[in-house]
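Subject: Structure for your files

Hello,

Here is the structure I said I would send. My notes on it follow below.

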Amino acid sequence: AGRLQGKRVFVSAAGQGIGRAAAILMAQEGADVLATDRDVAKLRGLEGIETQGLDVLDDAALRDAITRGGPFDAMFNCAGFVHQNTALTCTDDEWDFAFALNARSMWKAMQAALPAMIERGRGSIINMSSAASSIKGAPNRFVYGASKAAVVGMTRAAAADVVKQGIRVNCLAPGTVETPSWEERVAANAEEAGGMEQARAAFVARQAMGRLARPEEIASLIVYLASDESAFMTGQAVVIDGGWTL
Ligand code: NAD
């Protein structure tokens with residue numbers, strides 16, 4: 001039997017990158033996955049997986065998807081956006097958007113999922129943070145780091161609130177992962193770096209291992225956190241970063 005046999009799992013931002021890899025691996029491990037993304041077209045090709053269009057910034061739609069689609073044994077809140085800015089250049093709109101998507105949407109997802117989890121006395125919530133958060137200061141990641149640090153704080157606080165009810169809340173803190181949005185960040189940095197290859201090399205150089213993560217390597221951690229193998233772990237920010245924070 002798979003490591004997630006019999007588990008119903010919710011995933012946001014499952015259209016590409018880490019969310020997609022996680023949805024696929026969790027389904028391979030026997031989970032009954034509900035894969036959601038704002039962009040329905042990106043959910044195509046997720047063979048044998050239930051899919052649903054969902055913008056996590058829409059509170060009512062998020063609550064509806066979680067309460068109707070559940071009860072869930074595990075939830076992976078993956079949706080997030082990487083602004084490249086500093087305390088000087090960050091705009092009010094960037095601040096509001098980053099906190100709405102990267103932090104508030106995860107609170108709203110937990111708020112929708114927790115009642116059924118509490119009733120059943122079990123559940124594993126996994127939030128997407130980043131090594132660029134309370135863990136590491138990364139240049140040009142001002143509001144991103146602030147909002148991902150909020151995810152760490154929210155995760156620990158929520159874990160403390162539900163630990164007696166059998167529910168675990170953890171987050172993960174990856175280094176740089178090769179995904180479509182990372183490609184966009186490379187392109188955005190190309191001019192300043194002196195070309196695409198130079199921009200790519202700058203990201204790779206940050207990782208002590210000299211390479212980026214593949215989304216599948218991050219998905220393995222998500223399977224572990226969703227499964228009962230991690231039953232004694234809660235409130236943690238699990239760093240998986242190729243040695244970036246060494
Ligand atoms: P990505 O950024 O390439 O793709 C994100 C997906 O999210 C897309 O399919 C998009 O349609 C969807 N999405 C965007 N806004 C949404 C919304 N409001 N509601 C629902 N879906 C929405 O994927 P990625 O790079 O794997 O990033 C996923 C998460 O991992 C993010 O939270 C990101 O901050 C985090 N992360 C990424 C890296 C990295 O290097 N790629 C590192 C650490 C953490």
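Is V238 buried, exposed or partly exposed, going by the other C-beta atoms within 10 Å? V238 is partly exposed, because 17 other C-beta atoms lie within 10 Å, and a residue needs 20 or more to count as buried and 12 or fewer to count as exposed. Please keep in mind that this is a predicted model. V238 sits in strand β7, residues 237–240. Leaving out residues up to four places away in sequence, V238 touches N170, L172, A173 and L221. From V238 to I125 is 113 residues in sequence, and 13 Å in space between their C-alpha atoms.

The chain as a whole

The chain has 7 helices and 7 strands. Read from the N terminus, their order is β-α-β-β-α-β-α-β-α-β-α-α-α-β. The radius of gyration is 17 Å, close to the 18 Å that the globule rule gives for 246 residues, so the chain is as compact as a globular protein of that length. Along the principal axes, the C-alpha atoms fill a box of roughly 55 × 35 × 35 Å. Of the 246 residues, 45% are buried. Among contacts with a separation of 6 or more, 71% are between residues 24 or more positions apart.

Domains and ligand

The domain assignment gives domain 1 (8–175 + 214–240) and domain 2 (178–212). The centres of domain 1 and domain 2, taken over C-alpha atoms, are separated by 24 Å. Their contact takes 8 residues from domain 1 and 7 residues from domain 2. On the domain 1 side, the touching residues divide into 3 nonpolar, 4 polar and 1 charged.

The ligand lies between domain 1 and domain 2, because both give residues to the shell around it. That shell has 29 residues, and the closest are A13, G15, G17, G80 and S181. By class, the shell holds 14 nonpolar, 10 polar and 5 charged residues. Helices α1 (17–28) and α5 (180–193) each supply at least two of the shell residues.

Helix α1

Of the 12 residues of α1, 11 are buried. The buried residues include G17, I18, R20 and M26. What covers the buried residues of α1 includes β1 (8–11), β2 (32–37), β4 (74–77), α5 and α7 (215–226). At 1.5 Å a residue, the 12 residues of α1 should span 16 Å, and its end C-alpha atoms are 17 Å apart, which agrees. After α1 comes G30, with a positive phi near 95°.

Backbone points to check

- A13, in the loop between β1 and α1, has a positive phi of about 55° although it is not a glycine. A13 is buried, because 29 other C-beta atoms lie within 10 Å. A13 is also one of the closest residues to the ligand.
- N140, in the loop between β5 (123–128) and α4 (142–162), also is not a glycine and has a positive phi, of about 65°. N140 is partly exposed, with 16 other C-beta atoms within 10 Å.
- P71 is in the loop between α2 (59–69) and β4. The peptide bond from G70 to P71 is cis, with omega near 5°.

Regards

Key:
Residues numbered from 1 in each chain as written. Predicted model: local features only at pLDDT ≥ 70, side-chain atom pairs only at ≥ 80, totals over all residues. Near = placed C-beta within 6 Å. Helix = DSSP H or I, 4+ residues; strand = E, 2+ residues; numbered from the N terminus. Nonpolar A, V, L, I, M, F, W, Y, C, P; charged D, E, K, R; others polar. Domains from an automatic or database assignment. Expected span 1.5 Å × (residues − 1). Contact = placed C-beta atoms within 7 Å. Rg over C-alpha atoms; globule rule 2.2 N^0.38 Å.
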